[in-house]
Amino acid sequence: MGGKSRVEYGNLSLSWITVLAVIIIGIMSLFSLYLGFQAYGSNNADLANTYIIIGTAGFAVMGYMFFRTRAVPSPNKLNASKVDVVTTLECPKCGTKKVRDFETGDYVFRDDVPCTNCDGRMVITRINRRKKPEKEKEKVEV
Amino acid sequence: MYPLVGQLTQPSSDLGTILQVVFSLSFIIYIFYAQRIQTMTMLRQVEGSLRKVKSLRDEGRRVSIQTVKDIGKPPEDPTPQVERLMDNFFLTPTDLDPAGLVGKFEQLLNVREKRWEAEVRAIAPSASESEVNNLENLIEVAQALNVFYKVIRHYYLLGKKTMNIYIILQIHMVLPLLMREIEGYSSALQAFQKGMPIGDGVGALTAAKIMHGHPLREIAKDMMMAEVPSEGRTLLVMKSKGPGATVGKPADAVKTALDEHKGAVKAIVMIDAAGKLEGELNGEVSDGIGAIIGGTGVEKFRIEEAAKAFEVPLYAVAIKEDVIATIAPLEEDLFDATDKAVEAVKRVVRERTKEGDVVIVAGVGNTVGIAQ
């Protein structure tokens, strides 16, 4: 997949061909814009418009290439997603309720965890993912 | 625009000539190579996804091997065995002659199940029964990620080789849906590695909430049952045997319960997770008619056969969830939904049976991280 011939820059991973193409198009587009503004200065509006269209199109192509490149994520960002899971324990004897991070060996209805408040045993009553902060709800009801 | 383009034929400088030639050429190239450019763009998108899937596949392999080492304490490096299991495949029976197909399918599934259990036990001699179940599921997830990777890679390489847009289009069209499933599988790695409840376990959890505290017995392989009195009825509540990762044999359990109570059972209520449609709420509970159970269809067939033989109506309670949530660690909304499902089961029993009736309540799904 061409993984070795790539340039790593922050979160981006660009192929050498893309980098070269972006540089060439960039230089030509800049030059075209320069010529366009120069033509305006010489009162040659038609020619100026042509150069400016070419330059702008070049920058649009660059933007598109950049956008497409972002579709290929850098390998160091590709890890399996891990989520926070919490365990809720309740003591049937003294009513103590405790929420802590999930530990290997926890399961729902496990009842041999010593209570931190009395000599009873706590029961695991819930194991679930920690809720993510609420995102803005979709505004359009369909 | 056209008068402006016409300026291209009136160059005023050498550089202008070059730019105009490039501009004209780009039009000509686009006329002839538009489809090829589109093909290359799609290939690049597929490549991006393939890199991600490869990374997840490698992670699945690494996690599986490490967990086998940590829990199973094998005397030798289990890497070759785990890799062999990841490449293992299952062939469904031919449907050229459909008569007796379910029996053949079931027999093959039983062989597969026994082989997997034996293989995992062999590479993880120190693992307990629950841990063996979790390891089996963990390696199955790694295997699924491996298959996803190989299929996507196949279409990518074939598309690259032929540069045929229709070959690439096939994988490109389904890629967003595949990536959602793959994301779910990658979350399942964490769940099976640590033994956390997953979204698919909501049916088992609902049953566990009803049967908890009542005497239990193993009614079929990996299936636990408790007799629970409720509003004058007797509920035969069953679920797979937790907290290890297993779905058990619900069809065997239902059939045994029906046989044992010879005509006294007046209804079967099944609870399971169901895929939600976009727009539906996660954890929405609804009820309906029929055998609600996923998988290959063998268990569903057997339950329907048993219900028909005893003329017992089948009712279903569904807990709606997203495909990603099904094998990922259990979400809070889904955990809360099991309380609503308990109420739904009680309502169905109250409305559709009389006092003194016996009702089978079967919680279906993977019971990892959920005891009874």
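1. Two strands pair if DSSP finds at least two bridges between them. With that in hand, strand 5 of chain A and strand 6 of chain A form a hairpin, with 6 residues between them.

2. Some housekeeping. This is a predicted model, in which local features need pLDDT of at least 70 and side-chain atom pairs count only at pLDDT 80 or more, while totals for chains, interfaces and linings use all residues. Residues are numbered from 1 along each chain as its sequence is written, and chains are lettered from A and ligands numbered from 1 in the order in which they are written.

3. Back to the chain A sheet. Strand 5 of chain A is joined to strand 6 (residues 121-129) of chain A by 2 bridges, and the two run antiparallel. Looking at individual residues, A:Pro114 is opposite A:Arg121, and A:Val113 is opposite A:Met122.

4. On to another neighbour of strand 6. Strand 3 (residues 85-90) of chain A runs antiparallel to strand 6 of chain A, with 6 bridges joining them. One residue pair to look up is A:Thr88, whose bridge partner in strand 6 of chain A is A:Arg126.

5. You'll find A:Phe109 in the loop between strand 4 and strand 5 of chain A.

6. Now chain B. Its domain assignment gives domain 1 (45-194) and domain 2 (199-363); such bounds come from an automatic or database domain assignment. Taken over C-alpha atoms, the centres of the two domains of chain B are 28 Å apart.

7. How do the domains meet? In chain B, 19 residues of domain 1 are in contact with 13 residues of domain 2 (contact means that the C-beta atoms of two residues, placed from the backbone, lie within 7 Å). On the domain 1 side, the elements giving two or more residues are helix 4 (101-123), helix 5 (129-162) and helix 6 (165-194) of chain B. Helix 6 of chain B gives the most to that side, with 10 residues. By class, the domain 1 side has 7 nonpolar, 7 polar and 5 charged residues (Ala, Val, Leu, Ile, Met, Phe, Trp, Tyr, Cys and Pro count as nonpolar, Asp, Glu, Lys and Arg as charged, and the others, Gly among them, as polar).

8. Helix 5 and helix 6 of chain B also pack on each other. Their axes come within 10 Å and cross at roughly 160° (axes are lines fitted to C-alpha atoms, for helices over the stretch in contact, and angles run from 0 to 180 degrees between N-to-C directions). That makes helix 5 of chain B roughly antiparallel to helix 6 of chain B; angles under 35 degrees count as roughly parallel, over 145 as roughly antiparallel, 65 to 115 as roughly perpendicular and the rest as oblique. The residues of this contact divide into 18 nonpolar, 6 polar and no charged.

9. The axes of helix 8 (250-260) of chain B and helix 9 (residues 298-309) of chain B come within 8 Å and cross at roughly 15°. Helix 8 of chain B and helix 9 of chain B are therefore roughly parallel. Among the residues that meet here are B:Val254 and B:Leu258 in helix 8 of chain B and B:Ile303 and B:Ala306 in helix 9 of chain B. This contact has 6 nonpolar, no polar and 3 charged residues.

10. Finally, the chain B sheet. It is an open sheet of 7 strands in the order 1-2-3-7-4-6-5, with mixed pairing. Strand 1 (216-220) and strand 5 (285-289) of chain B stand at the edges with a single partner strand each, so one side of each has no neighbour in the sheet. From one strand to the next, the twist averages 30°. Strand 3 of chain B runs parallel to strand 7 (residues 358-363) of chain B, with 5 bridges joining them, and B:Leu235 has B:Val359 as its bridge partner.

11. One last thing to check in chain B: a cis peptide bond joins B:Gly242 and B:Pro243, with omega about 10°. B:Pro243 sits in the loop between strand 3 (233-240) and helix 8 of chain B.

Note on methods: Helices (H or I, at least four residues) and strands (E, at least two) are DSSP runs, numbered from the N terminus.
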